[in-house]
Amino acid sequence: MIDEHFVVDAHVHTPRLPTLKPAWLDWARDFARDYPWRTVYDDDGAVIPSAMDELMEREGVDRVLLFCEYSPRATGIQSIEDNLPLVAHNPARFRLVANVNPHLHHPLRDEVRRQLGLGAVALKLHPVHGCFSPADKELYPVYELCADRGVPVILHSGLSVFPGSRASFGDPQLLSDVVEDFPEVNFVFAHGGRGWWYDVAAFMAQSRPNVWLDLAGLPPKKLPEYYARFDLVRLARKWIFGTDWPGVPGTAVNVRAVADLGLPGEVLAGVLSGNAVRLMPGLAS
């Protein structure tokens, strides 16, 4: 906990470093600055589960959603299997998030089912790094499976700094039909429409009960600026806290910066954990 707040970091990357493009390592170094993320890795670039667990304990993070990613064009391969040792070390703190890429996995539904079978509590799609439309009909069987299983879908929204990315696929508006076709699926726009789509993402979150925004990669003190056209308290009821670890100056630093926005207590509690628990009830146990 941080300052008596139960905290879920719903956006964390812990890949094996040798599987990544150099640009990923540059990103982590530049955005983390002095944050000691590299200390949780061994000399071969693999995460040391006990070290990561101890760091999250010191940071006050109660639950961590571990992302994998299959994006060889942009960042590299971050296999879901590489996250299994973390979950095995502390299954209470660490939870898996599945990921598929239509250019690599077929049939998509079968691969999502396999990763859910490993214990994934959500599915992450990265259209910008994978260069595909999240509205492609090939993904509809995946959305149907998530509807059947009660699994939320997290989608990268907005821009990306990585070479090989295609920003056009980060437009939240691409999901306008999907969120209506699958009202029983909760869709989370990671990075909240970062770039020039903040208004689109925020409007969809306010107008659709199954659309949410995660705050990963967004400096909390800038949120009132990014969403200046919206009632911040009302919009914050649809926020989910995440850091984009390790590209962050610190989880506790960001939590306290969100708290400094002056949100009502129950809204802040929802942002820091309550909304994530609502979407993934198993996080509370």
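1. How many salt bridges does a search of the whole structure find? The search finds 14, and some of them are taken up below, with the reminder that this is a predicted model.

2. On overall form, the protein chain has 12 helices and 10 strands, and its C-alpha atoms fill a box of roughly 45 × 45 × 35 Å along the principal axes. The radius of gyration is 17 Å, which agrees with the value near 19 Å that a compact globule of 285 residues would have. Of the 285 residues, 58% count as buried; among contacts between residues at least 6 apart in sequence, 76% join residues at least 24 apart.

3. The largest nonpolar core holds 84 residues, of which Tyr143, Phe187, Tyr227, Trp239 and Trp245 touch the most other members. Helix H6, residues 140–149, supplies the largest share of this core, namely six residues. As general background, nonpolar side chains tend to be buried together in soluble globular proteins.

4. Leaving aside residues up to four places away in sequence, Trp245 touches His11, Val12, His13, Thr14, Tyr35, Trp37, Val40, Met52, Leu55, Met56 and Thr251.

5. Asp214, in strand E9 (residues 211–214), is a point I would ask the reader to inspect in the model. Asp214 is buried yet has no salt bridge, and the nearest side chain of opposite charge, that of Lys124, is 7.0 Å away. The side chain of Asp214 does reach the backbone nitrogen of Ala216, at 3.0 Å. Apart from residues up to four places away in sequence, Asp214 touches His11, Ile154, Val188, Phe189, Ala190, His191, Gly192 and Ile240.

6. Asn210 is found in the loop between helix H8 (198–207) and E9, and counts as buried because its relative accessibility is 5%. Polar atoms of the Asn210 side chain lie 3.2 Å from the backbone oxygen of Phe182 and 3.1 Å from the backbone oxygen of Val185. With residues up to four places away in sequence not counted, Asn210 touches Val179, Phe182, Pro183, Val185, Asn186 and Phe187.

7. Among the salt bridges, Glu180 and Arg208 meet through their side chains at 2.6 Å, N to O. This pair links distant parts of the chain, with Glu180 in helix H7 (residues 176–181) and Arg208 in the loop between H8 and E9, 28 residues apart. Both ends are partly exposed, Glu180 with a relative accessible area of 45% and Arg208 with one of 32%.

8. The side chains of Arg109 and Glu144 also meet in a salt bridge, at 3.9 Å from N to O. Here too distant parts of the chain are linked, since Arg109 belongs to helix H4 (residues 108–117) and Glu144 to helix H6, 35 residues apart. Arg109 is partly exposed, with a relative accessible area of 23%, and Glu144 counts as partly exposed at 39% relative accessibility.

9. Finally, Asp26, Arg29 and Asp30 are linked in a network of salt bridges.

Definitions and conventions:
Residues are numbered from 1 along each chain as its sequence is written. This is a predicted model: local features need pLDDT of at least 70, side-chain atom pairs count only at pLDDT 80 or more; totals for chains, interfaces and linings use all residues. Side-chain values use heavy atoms; hydrogens and water are left out. A nonpolar core is a set of buried Ala, Val, Leu, Ile, Met, Phe, Trp, Tyr and Cys residues joined through side-chain atoms within 4.5 Å. Buried means under 20% relative accessible area, exposed over 50%, partly exposed in between (1.4 Å probe, protein chains only). Helices (H or I, at least four residues) and strands (E, at least two) are DSSP runs, numbered from the N terminus. Contact means heavy atoms within 4.5 Å. Lys and Arg count as positive and Asp and Glu as negative; His and the chain ends are not counted. A salt bridge is a side-chain nitrogen of Lys or Arg within 4 Å of a carboxyl oxygen of Asp or Glu. A polar contact is a pair of N or O atoms within 3.5 Å; within protein, one must be able to donate a hydrogen and the other to accept it, and residues adjacent in sequence count only if both atoms are side-chain atoms. The radius of gyration is taken over C-alpha atoms; the globule rule is 2.2 Å times the number of residues to the power 0.38.
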